[in-house]
Amino acid sequence: MSSNRRPPRKEDATKLISGFRGVLLFLFLVSGIINILALTGSFYMLQIYDRALTGGSIATLMALSVLAIGLYLFQGVFDVIRSQVLVRVGARLDKKIAPLAHSVAIDMPRFGFSTAEALERGRDVDTVRGFLGSQGPIALFDLPWMPIYLIFVYLLHPYLGGLALGGAIVLALLTLATELMTRRLASRTQQAAITRNMIADSNARNADILKAMGFAGRAVQRFNAANQEHLELQTRTNDITGTFGAVSRVLRMLLQSALLGLGAYLTIKGELSAGAIIASSVASSRALAPIDLAIGNWKSVVAARQAYGRLKETVITLSKAEDPMPLPAPASALRVEKITVAAPASGRILLSEVGFELKAGEALGVIGPSAGGKTTLVRALTGVWPVLRGSVRLDEAELTQWNDADLGRSVGYLPQEVALLDATIGENISRFEEDADPRKIIAAAQAAGVHEMIVRLPEGYKTRIGPQGAVLSAGQRQRVGLARALYGEPFLVVLDEPNSNLDNEGELALTAAISGIRARGGIAIVVAHRPSALAAIDLVAVIQNGRLAGFGPKEEIISSPARPAAAAKRRTTEIKVPA
């Protein structure tokens, strides 16, 4: 995972889940106390009608009222405690899982997922946290205590208990029907939302193109079509939950009236007191309230359950990651052993059986036609894309044997599209290293030939780049990106078309940077279309149609097109690939 923090192991994942068990048990018991105290109203009505009114005692009325007020206050205190604990459980869950979810979000695009799908992990954390602060979990915690009220009503009279139980069963079946009818719709709605967000994200990132070439309207239409599908699915889901919620409320009112009517009949027959009529109505209403509340909040219940399921998968995925043993920083060689690489999104093979070896102090230029596999090779060498077969080794150790943070200190990477984060220039160059040494930042900038440009800015290294590096020109962003790649003098520096936006001064600085990497015993790999990027290069590889078409000294490959295959054979046959 792309994180400086060690991925959690299996025992960490267990702790992550079990850390809430004690709190959930506490909330369950508090809910029991709340529900027992909620019988106060029923007992109060029973005693008022059957004792205070029949006895005509004001003292009894006052005593019962004071007792009822005290019990209601206790119930309110416990209710506040439960609500506050649930909010804090959500915050605690967010604090534990949000960094892990974000780690997965960073890695997901490497494996072919869209940005919108990756960011959905963060939204899942928000969904679960928001649910825990809503009425949904309160209904779920109250549901197991329904039998208390049903037993109380049954003790008043078996007929009343049977009627209340029948109503509870009908409402429970309504809840089950709501679940069955919304489960698939909720999943489709969530997928439609992701599709809509993917289009919105793509449109926002390409706003300049849409505006300049006048097809922003068609882009909006494309978004509108995806949004319409999402709205239709969401409307259907809301219709189901709204309909069942309305039916549930009507049935509750019918049931209460039926209980009052039955109670009146039993009172007329002399089998029930007047106080018991009111008490049974209040208790049955309280018994069925959690079901009614659950149906009304079922949409959020389903969303939270799905989000929690995805987060649980995230934790399980992270728990499978092993913490590699620390290795010495690489210092002698890069060995590429017959690697085959596929596009994560489609699975199509983009690079096949490519192998070569570089020693410390060597620099390789990678050339070839567009879409030949050069950038795929770069992504494999830096560990951005996994290899299907073969291996990439630094000092004989595969890239997977290093912790990401440790490997990152030995690798510098400048992609085709330079991505600088919304922070200061100094923070970008230092890769957000804590307490970064200013001398190392300046050294990297000087190695990239960008120090003078930075200090001419009003705030120098403290200049904030802004979203998408908007403060800097394309050439300036590329040179700051080069400085970031050179920060800390990494052993392997991989540059993908590093001079695409550079002027003559920038190209001279690039040549000096490559010479500096070689002079200090590092390895530089440069993908280039323009020959000027190869000035400080001693070796050249030709990548064509996903294969290594040539490998050898620069003069030999470039000046003699007929000899690359022979040169490649001489260099690659020296590599012994393990069986």
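The model is predicted, so local features need pLDDT of at least 70 and side-chain atom pairs count only at pLDDT 80 or more, while totals for chains, interfaces and linings use all residues. Residues are numbered from 1 along each chain as its sequence is written, and side-chain values use heavy atoms, with hydrogens and water left out. Helices (H or I, at least four residues) and strands (E, at least two) are DSSP runs numbered from the N terminus.

**Six-stranded sheet**

- An open sheet of 6 strands runs in the order S6-S7-S8-S3-S9-S10, with mixed pairing; two strands pair if DSSP finds at least two bridges between them.
- Strands S6 (411-414) and S10 (547-553) each have a single partner strand, so one side of each lacks a neighbour in the sheet.
- From one strand to the next, the twist averages 15°; axes are lines fitted to C-alpha atoms, for helices over the stretch in contact, and angles run from 0 to 180 degrees between N-to-C directions.
- S6 pairs with strand S7 (residues 492-496) in the parallel sense over 4 bridges, and Tyr413 stands opposite Val494 in S7.
- Helix H18 (residues 474-486) packs on this sheet and touches S6 and S7, its direction making about 165° with that of S6; contact means heavy atoms within 4.5 Å.
- Helix H13 (residues 374-381) lies across strands S3 (363-367), S6, S7, S8 (523-527) and S9 (539-544), and runs at about 155° to S7.

**Four-stranded sheet**

- A second open sheet has 4 strands in the order S2-S1-S4-S5, with antiparallel pairing.
- Its edge strands are S2 (349-359) and S5 (397-398), each pairing on one side only.
- Strand S4 (residues 389-394) and S5 run antiparallel and are joined by 2 bridges; Arg393 stands opposite Glu398 in S5.
- H13 packs on this sheet as well, touching strand S1 (333-342), S2 and S4, and its direction makes about 60° with that of S2.

**Salt bridges**

- The whole structure has 16 salt bridges, each a side-chain nitrogen of Lys or Arg within 4 Å of a carboxyl oxygen of Asp or Glu.
- One of them joins Arg286 and Asp142 at 3.9 Å, N to O. This pair links helix H11 (residues 274-296), which holds Arg286, to helix H6 (residues 136-142), which holds Asp142, across 144 residues.
- Arg286 is partly exposed at 24% relative accessibility, whereas Asp142 is buried at 6%; buried means under 20% relative accessible area, exposed over 50%, and partly exposed in between (1.4 Å probe, protein chains only).
- Arg335 and Glu357 meet at 3.7 Å, N to O, linking strand S1 to strand S2 across 22 residues.
- Arg335 is buried at 15%, and Glu357 is buried at 11%.
- Glu357 also bridges to Lys359, with the closest N and O atoms 2.9 Å apart; Lys359 is partly exposed at 44%.
- A network of salt bridges links Arg335, Glu337, Glu357, Lys359, Arg393, Glu396 and Glu398.

**Nonpolar surface patch**

- Leu165, Ile169, Leu173, Leu176, Leu180 and Met181 form a nonpolar patch on the surface, with about 590 Å² of accessible area together.
- Patches are made of residues with over 30% relative accessible area and no salt bridge, like charges being joined within 9 Å and nonpolar side chains (Val, Leu, Ile, Met, Phe, Trp, Tyr) within 5 Å.
- Accessible areas come from the Shrake-Rupley method with a 1.4 Å probe, and for residues only the protein chains shown count as cover.
- Leu173 lies in helix H8 (residues 158-205) and is exposed, with a relative accessible area of 54%.
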